[in-house]
Amino acid sequence: MALIHDFGEIYAGDFTPHDEIEVNQKYQLERQSILQVLSKLNGGSEWIALWEEYEQGETIEAQFVRQLDQLEMILQASVYEHQELANLSEFFASANQKFTAPQLKAIFETLEDLRDNWNSR
């Protein structure tokens with residue numbers, strides 16, 4: 001699931017909050033991409049079902065993978081900020097509320113502390 005969820009971006013692209021795309025439109029574009037990539041594979045329907053499970057976000061596994069995806073975004077934002085390429089406060093603020101898994105929340109908080117220490121220099 002963690003690997004498959006990004007396949008929706010192969011043809012649809014990777015949308016950010018700045019793109020202001022409607023949730024349903026994003027879903028439809030990514031679904032078309034998933035179908036284009038996976039429907040011809042043996043067992044493709046199983047991979048498509050995993051992608052759908054991720055998109056619905058109702059299972060414990062899907063919720064955890066969605067949080068991992070947010071953590072990856074924060075790690076990348078940390079690198080960009082450390083390289084002084086951008087101020088990505090909005091990414092940290094938006095991700096803060098999305099962590100419910102204690103282990104991932106702890107990693108996020110550690111990254112925030114490192115960021116605060118870096119920014120206060």
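A surface patch here is made of residues with over 30% relative accessible area and no salt bridge, and like charges are joined within 9 Å. In this predicted model, Asp6, Asp14, Asp19, Glu20 and Glu72 form a negative patch of this kind. One of its members, Asp6, sits in the segment before α1, the helix of residues 9–12. Asp6 counts as partly exposed because its relative accessibility is 33%, and the cut-off for a patch is over 30%.

Other charged residues are paired. Side chains of opposite charge can pair when their charged atoms come close. The structure holds three salt bridges, and each can be taken in turn.

Is Glu30 buried or exposed? Glu30 counts as buried, because its relative accessibility is 2% and buried means under 20%. Lys26, at 27% relative accessibility, counts as partly exposed.

Glu30 also has neighbours from elsewhere in the sequence. Helix α2 covers residues 23–38. Leaving aside residues up to four places away in sequence, Glu30 touches Gly8, Glu9, Ala12, Gly13, Phe15, Trp51 and Glu55. Among these contacts, Glu9 and Ala12 fall at the two ends of the range given for α1, 9–12.

The side chains of Glu52 and Arg31 meet at 3.0 Å, N to O. This pair links distant parts of the chain, with Glu52 in helix α3 (residues 44–56) and Arg31 in helix α2, 21 residues apart. Glu52 has a relative accessible area of 18% and is therefore buried. Arg31 has a relative accessible area of 29%, so Arg31 is partly exposed.

The remaining salt bridge is between Arg115 and Glu81, whose side chains meet at 2.5 Å, N to O. Which parts of the chain does this pair tie together? Arg115 lies in helix α6 (residues 102–119) and Glu81 lies in helix α4 (residues 60–82), so the bridge ties together parts that are 34 residues apart in sequence. Both Arg115 and Glu81 are buried.

How values were computed. Residues numbered from 1 in each chain as written. Predicted model: local features only at pLDDT ≥ 70, side-chain atom pairs only at ≥ 80, totals over all residues. Heavy atoms only, no water. Patch = residues over 30% accessible without salt bridge, like charges linked within 9 Å, V, L, I, M, F, W, Y side chains within 5 Å. Areas by Shrake-Rupley, 256 points an atom, 1.4 Å probe, with all protein chains shown as cover. Salt bridge = Lys/Arg side-chain N within 4 Å of Asp/Glu carboxyl O. Lys, Arg positive; Asp, Glu negative; His and termini not counted. Charge placed at Lys NZ, Arg CZ, Asp CG, Glu CD. Helix = DSSP H or I, 4+ residues; strand = E, 2+ residues; numbered from the N terminus. Buried < 20%, exposed > 50% of the residue type's maximum accessible area, 1.4 Å probe, protein only. Contact = heavy atoms within 4.5 Å.
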